[in-house]
Amino acid sequence: MDLKKYEKLAALNLSEEEEKRISKDLTDIINYFEILKEVNTDNVEPLVYTKGAKLFMRKDEKQKSLNKESLKKNRELFNGNFYKVKKIIGD
Amino acid sequence: MDILNKTVEEVASIARSGEVSVKEIAEQTINAIKQKDSKIKAFVHIDFDAVIKRSEELDAKKDKSGVLFGVPVAIKDNMNMKDTETTAGSKILSGYISPYDATVVEKLKNAGALIVGKTNMDEFAMGSSTENSAFFNTHNPVKPEYVPGGSSGGSAAAVKANEAIASLGSDTGGSIREPAAFCGVTGLKPTYGRVSRYGLIAFASSLDQIGPFGKTVKDTAIMLNAIAGFDPRDETSVQTEKEDFTELLGKDIKGKKIGVIKEVRDFELQEEVKNSFNDTVKALQNAGAIIEEVSIPHLKYALPVYYIIAPAEASANLARFDGVRYGLKVEGKDLRETYEKTRTEGFGTEVKRRILIGTFTLSAGYYDAYYLKASKVRRLISNDFEKAFSKVDALILPTTSTTAFKLGSITNPLQMYMNDIFTIPISLAGLPAISIPSGKDKKGLPIGMQLVGKWLAEKELLQIAYAVEQELGGKNGI
């Protein structure tokens, strides 16, 4: 498994030591998944949410949203309304 | 009067009558925590002044009718409570102050509970021993050199050590039931969708469910009364009528059919666990239940299915932790590097391992072979349970195949995952299940038995669990 590729997809950048440790575990774990090949799943529909969860509609009414004062306890807001990040558009 | 060895019902009634003020209850709880928690380490964030303030507010209340009035309740550190630090056991959330209350917290407050503090857990609920907490290990109150189980280890330990009367945990693959078994308390995982997860930090959204710990079956039933119910803010929330989950407690279980799963015999069980299982089956028979054998043919596939599905969902859910809006932020030269540095420094090894597994199984070229395949086998497992429940009213099996293990003794992740072999299949099917104390092993470590109910049949499940608890009561009663 090309660990670097998946690190990049997951926005992680592991140290060499951590890579070594994790890469062996991942190989073992993924090998363990092979047992599922025994199971015949022809014509079986995947199950994601167990029964019960039914989509519902709510009235289109104004609702309370998060209070800015409590958001500010975590990060300073720029111009009172925005989170500040480094520039992402090239010159 | 020593409040902390009492049940939820007793404490609420004492507090309501005014015999003991909520402030005195708060003081006793704080003293107990100060005295014991340096050894147990169940709590990760606690503000004693805030607890006293909350108790005074409760004392000043005219309406004392809440089912949890004055009852000290601890909550797992992955539930948002306004103006408190919520870290999900992770460094990446250190310093994060919740801007709102989770639905369960709102409901606890409405029921008059005295919320004590946040309990330790495996980082993002990924683990079975609470050793994956970024902060410290929690110790099993029965024997401190042993793990309390996980991931809700702190919540189970707090109740066992009488540092709280009841607590909330979350269960994705066994994270309430396994620590309940290891610590010798009662832990209930409700039906998927029964309790709102709004404000719960998500791990694997098709599995996560909040539930209570208590000393007794009745305590967990009263807690469920307080926290259950439809919530439009959680789109997987099930629309149900309001129920009283204590209604059937004490009612005869004569003639109820209880299934014993044939395939459980294929797994190796610790001798004392096996004996305790047989004793519990006998207890059910003594109470008038009829035991029948049922089959869950795909049982052994549940573990690999879970370890594909849960990390896949986690890899998506944990993408939100990027350092921009809250918690840890490690600056890099550009935004991309800021994300990478924050996440690499903020997440612990097990979390990284699962994010990478999930990223791999969802990636182009592997999706069908892993994620899709696992979701299909999940359907087969769910069908197996459905078939079993066409014949019986509940199932019984051990919560875990062994009792608690020593801190630091399991270092191989696959071996750690095996702790959840009997809890995961039920989570995949979304069914309610409860772990109750059923005995002790030679070392004195608690053993837990798991009863599984039909979909949304918590009332009946609790009725059966209560009957077993009464039958076993002599040696395991509190």
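These questions and answers walk through chain B of a predicted model.

Trainee: How many helices and strands does chain B have?
Mentor: Start with the whole chain. Its C-alpha atoms fill a box of roughly 70 × 60 × 45 Å along the principal axes. Within chain B there are 15 helices and eleven strands.

Trainee: What is the radius of gyration of chain B, and what does the globule rule give?
Mentor: For 478 residues the globule rule gives 23 Å. The value for chain B is close to that, so the chain is as compact as a globular protein of that length. Its radius of gyration is 21 Å.

Trainee: What share of the residues of chain B count as buried?
Mentor: Buried means under 20% relative accessible area. Apply that to the 478 residues of chain B, and the share is 67%.

Trainee: Which strands does β7(B) pair with?
Mentor: Strand β7 of chain B spans residues 257–261, and four of its five residues are buried. Three bridges join β7(B) to a parallel strand, residues 394–398. Five bridges join it to another parallel strand, residues 290–294. The partners are β9(B) and β8(B).

Trainee: Which helix lies on the path from β7(B) to β8(B)?
Mentor: Follow the chain from one strand to the other. This β-α-β crossover is right-handed. The helix on the way covers residues 271–286, and its name is α8.

Trainee: How far from E163(B) is the nearest side chain of opposite charge?
Mentor: E163(B) sits in the loop between α5 and β4 of chain B. Its contacts beyond four places in sequence include L4(B), I33(B), F43(B) and K36(B). E163(B) is buried, yet has no salt bridge. A salt bridge needs a nitrogen-to-oxygen distance within 4 Å, whereas the nearest opposite charge, on K36(B), is away by 6.2 Å.

Trainee: K41(B) and A125(B) each have a positive phi without being glycine. Which is buried and which is partly exposed?
Mentor: K41(B), with phi of about 60°, lies in the loop between α2 and β1. A125(B), with phi of about 70°, lies in the loop between β3 and α5. At 30% relative accessibility K41(B) is partly exposed. At 4%, the buried one is A125(B).

Trainee: Where is the cis peptide bond that involves S151(B)?
Mentor: S151(B) is in the loop between β3 and α5 of chain B. The bond has omega near 10°. It runs from G150(B) to S151(B).

Conventions
Residues numbered from 1 in each chain as written. Chains lettered and ligands numbered in written order. Predicted model: local features only at pLDDT ≥ 70, side-chain atom pairs only at ≥ 80, totals over all residues. Heavy atoms only, no water. Helix = DSSP H or I, 4+ residues; strand = E, 2+ residues; numbered from the N terminus. Buried < 20%, exposed > 50% of the residue type's maximum accessible area, 1.4 Å probe, protein only. Lys, Arg positive; Asp, Glu negative; His and termini not counted. Contact = heavy atoms within 4.5 Å. Pairing = 2+ DSSP bridges. Right-handed = clockwise from strand over helix to strand, strands pointing away. Rg over C-alpha atoms; globule rule 2.2 N^0.38 Å.
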